[in-house]
Amino acid sequence: MAKYNFLTPFTLNNGVTIKNRIVMAPMTEMSSFENGIVTNDEIEYYRLRSGGIGMEITGCANVSDLGKGFEGELSASKDAVLPQLSKLAQAMKSNGTKAVLQIFNAGRMTTSKILRGEQPRSASAIRAERPGLEIPQEMTVEEINQVISDFGSATKRAIQAGFDGVEIHGANTYLIQQFFSPNSNQRTDEWGGSLENRMRFPLAIIKELQRVVKNSGKKDFIIGYRISPEEIENPGIHLEDTLQFVPKLADSGIHYLHVSMGNVWRTSLNNKDDQEPINQKIKAALNGKIPLMVVGGVETPADASKSTDEFEFTAIGRELIREPKWVEKILSDDEGSIRYKLSPSDVEELAIPSPLWDFLTTVFRPIAGLSTEKDPAANFMDSVAPWEKF
Ligand SMILES: Cc1cc2nc3c(=O)[nH]c(=O)nc-3n(C[C@H](O)[C@H](O)[C@H](O)COP(=O)(O)O)c2cc1C
């Protein structure tokens, strides 16, 4: 008998067995070269964290230059990234850990400075209500089709590089979410308007990826999908929209659904009377068809055990930055030495690239485990996540 429920394997619908239920959440380290090529520092950072966990997901990688969201971001947009991307995949696959590349397009969540003079593109010409952002250009139908095909090409590169799968980043207010949201998508053609039309773009991306995977012959390649279940804006994505989208995703042939939230047990931000955790509603909507991956605030084995009692996979973000050997320490009965705080003197040992360290010690300081006091800014995690600001 495994010591904890999360140490047991899980087999996906494509027959791939993930050796345990602990996943490293996608977290950008902002450390790639200017052209999006992976640096050796990043490879060492991921290598250190693989081996114990069942699956390791990279930080978001853009699928095209116009989809870049911030400096230091990974890219899967051109063949030139392949040699280093292959080394990254190899490093991540140690000891049976599955390596997954998260792919995305930032849409309006970027600037013309980051795009080297190009105006950001989105579903509609509506500026995000965040400081420093610009009015994007509404995408033409041709551009929409191009982005769908870019996601396919990025997936082909992920396969060539040796990844076990990709995760479509449909969360955290980036382009795919911008198409789903009635806030950012006010198009009047078939790509906007009704809920059905707003689902068209994400579902078209999934189809394109499936076509690429089929052509590659790598039948067991994993396709995951990440959503943010709610927006606080009005109009915006409300839980009712998400609960209609989730069954479509369950039937679409993807292999897992990942829900991005600051806390696994979070309840609705828009309807305070509703006290049922959002993840439980989503689980019911999935109807057992595909596994649910949850994330947010998991630090201790007890936290992970509670979460895995209800949901198939538990992703861990910041705690795996602090403690790369979290699973290994549990397996070797050494839980007492699991680190829950990030000390500056451990940075080198933890292979934390300096841009990530800078980020954790500035924007993230109160919530990166650097402070012992309970800081009110921690609540920020539950609403607008700081990484959404890139
Ligand atoms: C430094 C940092 C970078 C992040 N980058 C991404 C990202 O690239 N893609 C993504 O979907 N989420 C990103 N996130 C969100 C995490 O995947 C995760 O949802 C969040 O940290 C909550 O989990 P935790 O409480 O275990 O840290 C990032 C979070 C952090 C702390």
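Figure 1. UniProt positions are given in the numbering used here, with feature names shortened, and annotations may be inferred rather than shown by experiment. For "domain: NADH:flavin oxidoreductase/NADH oxidase N-terminal", an unreviewed entry, UniProt lists residues 8-331. The model is predicted: local features need pLDDT of at least 70, side-chain atom pairs count only at pLDDT 80 or more, and totals for chains, interfaces and linings use all residues. Residues are numbered from 1 along each chain as its sequence is written, and side-chain values use heavy atoms, leaving out hydrogens and water. Helices (H or I, at least four residues) and strands (E, at least two) are DSSP runs, numbered from the N terminus.

**Figure 2. Helix α2 against helix α3.** Two packed helices are described by the angle between their axes and the distance between the axes. Helix α2 spans residues 82-92 and helix α3 residues 141-161. They pack at an angle of about 60 degrees, and their axes are 8 Å apart. α2 is therefore oblique to α3 (under 35 degrees is roughly parallel, over 145 roughly antiparallel, 65 to 115 roughly perpendicular, the rest oblique). Axes are lines fitted to C-alpha atoms, for helices over the stretch in contact, with angles from 0 to 180 degrees between N-to-C directions. The crossing of α2 past α3 is right-handed, meaning that the near helix is turned clockwise from the far one by less than a right angle. From α2, Leu82, Leu85, Ser86 and Ala89 make the contact; from α3, Arg157, Gln160 and Ala161 do. Contact means heavy atoms within 4.5 Å. These residues divide into four nonpolar, two polar and one charged (Ala, Val, Leu, Ile, Met, Phe, Trp, Tyr, Cys and Pro are nonpolar; Asp, Glu, Lys and Arg are charged; the others, Gly among them, are polar).

**Figure 3. Arg157 of α3.** Arg157 lies in helix α3. Its relative accessibility is 11%, so Arg157 counts as buried (buried is under 20% relative accessible area, exposed over 50%, partly exposed in between, with a 1.4 Å probe and protein chains only). Beyond its neighbours within four places in sequence, Arg157 is in contact with Ala76, Ser77, Lys78, Asp79 and Leu82.

Figure 4. In α2 the buried residues are Leu82, Gln84, Leu85, Leu88, Ala89, Ala91 and Met92. They pack against α1 (40-49), β4 (55-62), β6 (98-104) and α3. Gln84, in helix α2, counts as buried because its relative accessibility is 14%. Setting aside neighbours within four places in sequence, Gln84 is in contact with Ile37, Val38, Thr39, Asn40 and Ile43.

**Figure 5. Helix α3 against helix α5.** α3 packs with helix α5 (residues 195-216) at an angle of about 40 degrees. Their axes are 9 Å apart, and the crossing is right-handed. α3 brings Ile144, Val147, Ile148, Ser149, Phe151, Gly152, Thr155, Lys156 and Ile159. α5 meets them with Phe201, Ala204, Ile205, Glu208, Leu209, Val212, Val213 and Ser216. The residues of this contact divide into eleven nonpolar, four polar and two charged.

**Figure 6. Ser75 in strand β5.** Strand β5 covers residues 74-75 and holds Ser75. Ser75 counts as buried because its relative accessibility is 2%. Ser75 and Asn62 are 13 residues apart along the chain, with their C-alpha atoms separated by 4.7 Å. Neighbours within four places aside, Ser75 is in contact with Asn35, Gly36, Ala61, Asn62 and Val81.

**Figure 7. A cis peptide bond at Pro235.** Asn234 and Pro235 are joined by a cis peptide bond, with omega about 0 degrees. Pro235 sits in the loop between β10 (222-227) and α6 (239-251). From Gln84, Pro235 is 151 residues away in sequence and 42 Å away in space, C-alpha to C-alpha.

**Figure 8. Two Asn residues with positive phi.** Asn172 is not a glycine, yet its phi is positive, about 50 degrees. Asn172 lies in the loop between β9 (165-170) and α4 (175-180). With a relative accessible area of 2%, Asn172 is buried. Asn287, also not a glycine, has a positive phi of about 55 degrees. The loop between α7 (278-286) and β12 holds Asn287. With a relative accessible area of 59%, Asn287 is exposed.

**Figure 9. Buried residues of helix α8.** Helix α8 runs over residues 301-310. Pro301, Ala304, Ser305, Ser307 and Thr308 are buried there.
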